[in-house]
Amino acid sequence: MEINEKSYAYGASKSSIREIAAYGAQRKAEIGAENVYDFSLGNPSVPAPDEVRQSIEKSLQLPPVELHSYTPAAGLPFVRKALADHLNKEYGESYEAGDLYLTCGAAASLTITFHALCNPGDEVIVIAPYFPEYKVFIENAGATCVEVMADPETFQVDCEAVKRAITPKTKAVVINSPNNPIGTVYSRKTLEYLAQVLSEAEGDICLISDEPYRKIVFGTEVPWVPDIYPNTVVCYSYSKSLSLPGERIGWVLVPNTNPNHDRLIPAVAGSGRSMGFVCAPALFQRVLADCVEVPSDVEAYARNREALTKGLSELGYEYIEPEGAFYLWVKSLEPDENAFFENCKKFELLPVPSDSFGCHGWIRVGYCVSYDTIVNSMPAWKKLKELYA
Ligand code: PLP
């Protein structure tokens, strides 16, 4: 039987991040979990806040038919209203429930947005290094993923390079700040420059702001992108901010200031419908209404960040100072990051080589692990450094 070759290829090729995590699980079983330093996955190590449990317990008092029913495709109106009210309070906007479409996490927010926007042959620009699933999602929407390298010094968006990459087929640019895999936060200046480039380009270019790490930030301003460039769609999830990655809950916001708002809102709904999402998980929609004001536990990540950066800098490693998210972008000790990774493995260190994110010469160290893992890994980082002495 002829099956879909593209789907086959995506399934057969696997994500290298998940393969490293599987290798880590195997090594833990072989030599004990405490002897393996797995920095591969972006799975939060901070528990979900107690308010989440309280909200679930409250919802369990509802009649089961009411609790477990389908919700409207875009989500329960009172939940969307609570989220819009929160955004209005936080960013001084005037959004309404109808501007939000609840999704099964940021991955769904992105696929829904790409399908809502793209026609076959369109191009979508991503800023490398980037979250590898972007390419899969963009291609699956019939568009081409165009990689533009970030500024190699600051890892901010290289706006002049974006300008050069724009063609009449460019439909959208995806940005992610705070950034996975770098940990950078795009400054207001960068975003204003990018907005200028996109506004001056011929045609109508949408800025897709992928923001699952918005709330995990260490004192740096994370500008509200629709205020800077109106033709923005925001993709959000609670996978990181409330530590709910397995529950699959997030949203797409088409701001009422977006010039294409009135056609994009039904396109987002139609996109979710065509991909069979039906509705976001009903129980966790209700959790959002109860937890909309609950802050992320940034303290734990800040402590990990401090221990990791201090430890690695004392050993002489070079890295980009992270301002948000929970990843450290460390310079590989040799040009081939995969050869370097093989040496990391000798000391049971499991970062992710940078080619997974579309660039060379670096590794990503996810510090959403226990504090002890970071502290206990330092002798291994020391031995690794000595190997290159
Ligand atoms: N975007 C980025 C930059 C991510 O790092 C992730 C997950 O790690 C996602 C999107 C997908 O998030 P979710 O688990 O909410 O689908």
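**Notebook: helices, sheet and cores**

I started at His86, which lies in helix H5 (residues 77-91); helices here are DSSP runs of H or I of at least four residues, strands are E runs of at least two, and both are numbered from the N terminus. This is a predicted model, so local features need pLDDT of at least 70 and side-chain atom pairs count only at pLDDT 80 or more, while totals for chains, interfaces and linings use all residues. Residues are numbered from 1 along each chain as its sequence is written, and side-chain values use heavy atoms, with hydrogens and water left out.

Is His86 buried or exposed? I found His86 buried, at a relative accessible area of 12% (buried is under 20%, exposed over 50%, partly exposed in between, with a 1.4 Å probe and protein chains only). Skipping neighbours within four places in sequence, I see His86 in contact with Lys215, Val292 and Glu293 (contact: heavy atoms within 4.5 Å).

Next I looked up the sheet. It is open, has seven strands in the order S2-S8-S7-S6-S5-S3-S4, and its pairing is mixed (two strands pair if DSSP finds at least two bridges between them). At the edges I noted S2 (100-103) and S4 (144-149), each pairing on one side only. On average, neighbouring strands are turned by 20 degrees against each other, direction ignored. S6 (residues 206-210) and S7 (residues 232-237) pair in the parallel sense over four bridges, and Asp210 has Cys235 in S7 as its bridge partner. Helix H6 (residues 105-117) packs on this sheet, and its direction makes about 155 degrees with that of S7 (axes are lines fitted to C-alpha atoms, for helices over the stretch in contact, and angles run from 0 to 180 degrees between N-to-C directions).

Then I checked H13 (residues 298-314) against H15 (residues 371-387): their axes come within 9 Å and cross at roughly 10 degrees. H13 and H15 are therefore roughly parallel to each other (angles under 35 degrees count as such). The residues making the contact include Arg303, Asn304 and Leu308 of H13 and Tyr371 and Trp381 of H15.

Last, the cores. The largest nonpolar core has 69 residues, and Val162, Ile175 and Trp381 have the most contacts inside it (a core is a set of buried Ala, Val, Leu, Ile, Met, Phe, Trp, Tyr and Cys residues joined through side-chain atoms within 4.5 Å). Beyond neighbours within four places in sequence, Val162 touches residues including Ile125, Val148 and Leu198. A second, separate core of 28 residues includes Val124, Phe137, Ala172 and Val233.

Definitions and conventions. Angles under 35 degrees count as roughly parallel, over 145 as roughly antiparallel, 65 to 115 as roughly perpendicular and the rest as oblique.
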